[in-house]
Amino acid sequence: PVSVDSSNWEFYSGGIFYDCTKQVDHTVLLVGYGTQNEQKYTITMEEDTSSKITVRCVLQQINSASLLVDNQDEWIHVGRGIVLYLCFLKGATEDSARKCANGVLTASICFSEEWKKNTTVLEIRGDVLIVPQASLVGKIKGKRMQYHSLLDKDEGAALYQKFVSILQEEMKQNNDKGSVKAGVYGNRQGFFHFFSSLNVAGLKFDSP
């Protein structure tokens, strides 16, 4: 292991990276070295203990919520249920998405006034609003946020649509009252919501 300055790594796209200082803030594995055009370089590898985690999400109980999906005037609305902030990391697959969908529907995040206990969105017959949230994969390196673990945009968009379809199908089979609505992957979207109790849960899933 060696210590390096990773503060500008978000700008790296290939080749030899020169923009380093002696202000070290990160540890990597040194796996090789060489010379190119009389310039010495080293080859390093990220040592990521969370590399098996492929999906991260945050669930929050809501009374109602609205999401602006076209950055202009198209809003979608849901009633009582949960809002799901979601992102996919490198290595995520359809199996990862299915595992996450099952976890979302079975998580006891919704407080029931009738039963005086936390229960699932299926049992309260609530709605689900899915909000793509790439920042969930962020890591602080120095003073910067970096997102190296985020799944490729095209792959992420395809998997996001698959996840939405899986969740909609599961809700259709198990919740005849609730609905699943989703934001647009890759868009910045306006959002507001109302809640009477702050029930929040962070979940992460690895590949099956």
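Let me begin with phenylalanine 192, which is partly exposed because its relative accessible area is 38%, where buried means under 20%, exposed over 50% and partly exposed in between, using a 1.4 Å probe and protein chains only. This is a predicted model, in which local features need pLDDT of at least 70 and side-chain atom pairs count only at pLDDT 80 or more, while totals for chains, interfaces and linings use all residues. Residues are numbered from 1 along each chain as its sequence is written, and side-chain values use heavy atoms, with hydrogens and water left out.

Phenylalanine 192 sits in strand S14, residues 191-194; strands (E, at least two residues) and helices (H or I, at least four) are DSSP runs numbered from the N terminus. Together with Trp75 and Phe194, Phe192 makes a nonpolar surface patch of about 310 Å². Such a patch joins nonpolar side chains (Val, Leu, Ile, Met, Phe, Trp, Tyr) within 5 Å, or like charges within 9 Å, from residues with over 30% relative accessible area and no salt bridge, a salt bridge being a side-chain nitrogen of Lys or Arg within 4 Å of a carboxyl oxygen of Asp or Glu.

For the chain overall, there are two helices and 15 strands, and buried residues make up 39% of the 208 residues.

Now to strand S4, residues 53-62, where we find threonine 54, which counts as buried because its relative accessibility is 2%. Its side chain makes a polar contact of 3.2 Å with the side chain of serine 96, meaning a pair of N or O atoms within 3.5 Å, where within protein one must be able to donate a hydrogen and the other to accept it, and residues adjacent in sequence count only if both atoms are side-chain atoms.

Glutamine 60 also belongs to strand S4, and glutamine 60 is buried because its relative accessibility is 8%. The side chains of glutamine 60 and histidine 193 are joined by a polar contact of 3.5 Å.

Finally, the backbone. Most residues other than glycine have a negative phi. Asparagine 71, however, has a positive phi, near 60 degrees, and lies in the loop between strand S5 (64-68) and strand S6 (75-78). Arginine 125, likewise not a glycine, has a positive phi of about 55 degrees, and is placed in the loop between strand S9 (117-119) and strand S10 (127-132). Asparagine 71 is partly exposed at 44% relative accessibility, and arginine 125 is partly exposed at 46%.

Methods. Areas by Shrake-Rupley, 256 points an atom, 1.4 Å probe, with all protein chains shown as cover.
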